[in-house]
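Here is a short tour to read with the model open beside you.

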Amino acid sequence: DIAIEKILLKDLNGNSVNISEFSGKALVVNYWATWCVPCVREFPDFEKVKQGVGDKVNFIMVSDETPEKILTFTQQNKYSFTFLQSVRPLSESHINVRPTTYIYNSKGVLINKQIGGLTEEHLKEILNKLN
């Protein structure tokens with residue numbers, strides 16, 4: 001597995017983003033794509049969990065598609081996540097299945113990796129173990 005710090009990220013305006021900006025809180029990093037039906041299907045569950053945990057957990061959704069494609073998706077679907085673009089193809093970072101979700105504790109330690117979709121209940125269960 002490649003560490004999230006090694007993945008070059010940009011916001012949808014093309015500005016580089018350092019993952020350390022999100023340290024100090026638990027972090028959910030979801031690798032997804034607009035064409036990935038299971039990815040899009042789990043977003044409402046992620047949103048419910050995010051609303052439930054408030055600002056205790058950062059949710060970052062990473063796609064290697066074009067910023068325009070990601071932006072169009074975010075405009076059509078009003079989610080409160082931070083959407084970022086992986087500069088290089090995710091496959092170069094050994095992320096070959098979408099969705100794949102990595103969950104880190106507030107110290108930045110990877111505590112869970114889920115390949116495939118996550119339900120609201122499962123995500124809550126994982127996050128509850130962090131506290």
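H94 sits in the loop between strand 5 and strand 6; strands here are DSSP runs of E of at least two residues, and helices are runs of H or I of at least four, both numbered from the N terminus. Although not a glycine, H94 has a positive phi of about 65°. With 58% relative accessibility, H94 counts as exposed (over 50% relative accessible area; buried is under 20%, partly exposed in between, with a 1.4 Å probe and protein chains only).

P99 belongs to the loop between strand 5 (82-86) and strand 6 (100-104). The peptide bond that joins R98 and P99 is cis, with omega about 0°. Most peptide bonds are trans, and most residues other than glycine have a negative phi.

## How to read the model

This is a predicted model, in which local features need pLDDT of at least 70 and side-chain atom pairs pLDDT 80 or more, while totals for chains, interfaces and linings use all residues. Residues are numbered from 1 along each chain as its sequence is written, and side-chain values use heavy atoms, without hydrogens and water.
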